[in-house]
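My notes follow the order in which I looked.

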Amino acid sequence: MKHSNPLSTGPLTRGERAPLLELREVSLRYGAKTALNNVHLSLNSGQIVGLVGANGSGKTSLLRVLAGLERNYSGSYTIASQPFREEMAAEMVYLPDHIPFPDHYNVREILRAYRDHFENFDFLLASDMVARYGLSPKLKLSQMSRGMKEKLMIAMSLSRRARIYLMDEPMGGVDVEALEEIVSGIIDSFREDSLLILSTHLLRDLEPLIDRVVIMDEGQILLSESMEELSQNYSGNLAEIYKEVLREKTLAD
């Protein structure tokens, strides 16, 4: 049964004022631990956003809130100016840091599983992407390196026709050559009416891909700026800017 798109509010383009996604005063705790602390974030469509921070800084918790997997938070979360509702998750893609298939599955079986489970899955696009990444249809997960698995799941995720894509460290296990292939595939498949947020440590390698950077530390967002704004406000590459922002926080504390 087909359903209307709960995120469909007409085309949103880069630079438009109305955000596709917005968090206000969002906090999240796991027992005594504060995972997110009074987070404010506003993002438009048409952007690839790099979410940057050390392990434990809150990146995964933030992505899980955005994906609708964490509901026990305070504050407000809106999509296209509407309060987040469970059915909106159907128009999102969340790529976790693990593969939700057993090791005996091969590429062809995973393609078919996605086709059968997701109405918005583009089987032809996915087939083209896995071929582009050099993954044979008969190749099993048990035979794949970490980098191969990451390429496969990125292809599966980007082949779903969604408005918001959330990826948690999707390229940590790939070499430089494979990274270039993945970046090229992301650029070719990315649509201007969508939003891609990926957490990463690969600052220098992914700098050409990213439109906006969000820097987190201790559950807080220290900075959310476009690459153009960063070039005006800071000097150096993205890795150097990240270190400078952390130094500024340390001095302010």
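I count a contact when heavy atoms lie within 4.5 Å. The model is a predicted one.

**Sheet**

I began with what lies against helix H1. H1 (residues 59–66) lies across S3, S6, strand S7 (164–168), S8 and strand S9 (212–217). I noted its direction too: H1 runs at about 150° to S7.

Next I looked up the strand order. The sheet is open, has six strands, and reads S6-S7-S8-S3-S9-S10 with mixed pairing. Strand S6 (92–95) and strand S10 (220–226) are the edges, each pairing on one side only. I found an average twist of 15° from one strand to the next.

Then I took one pair. In which sense do strand S3 and strand S8 pair? S3 (residues 47–52) and S8 (residues 195–199) are parallel, over five bridges.

**Helix H3**

I turned to helix H3 (residues 123–132) and asked which residues are buried. They include Leu125, Ala126, Met129 and Val130.

What covers the buried residues of H3? I found helix H2 (107–117), helix H4 (146–158) and helix H5 (176–189) among the elements covering them.

Last, I checked both ends. At the start of H3, a side-chain oxygen of Asp122 comes to within 3.3 Å of the backbone nitrogen of Leu124. Just after H3, Gly134 has a positive phi of about 75°.

Key:
Residues are numbered from 1 along each chain as its sequence is written. This is a predicted model: local features need pLDDT of at least 70, side-chain atom pairs count only at pLDDT 80 or more; totals for chains, interfaces and linings use all residues. Side-chain values use heavy atoms; hydrogens and water are left out. Two strands pair if DSSP finds at least two bridges between them. Helices (H or I, at least four residues) and strands (E, at least two) are DSSP runs, numbered from the N terminus. Axes are lines fitted to C-alpha atoms, for helices over the stretch in contact, and angles run from 0 to 180 degrees between N-to-C directions. Buried means under 20% relative accessible area, exposed over 50%, partly exposed in between (1.4 Å probe, protein chains only). A polar contact is a pair of N or O atoms within 3.5 Å; within protein, one must be able to donate a hydrogen and the other to accept it, and residues adjacent in sequence count only if both atoms are side-chain atoms.
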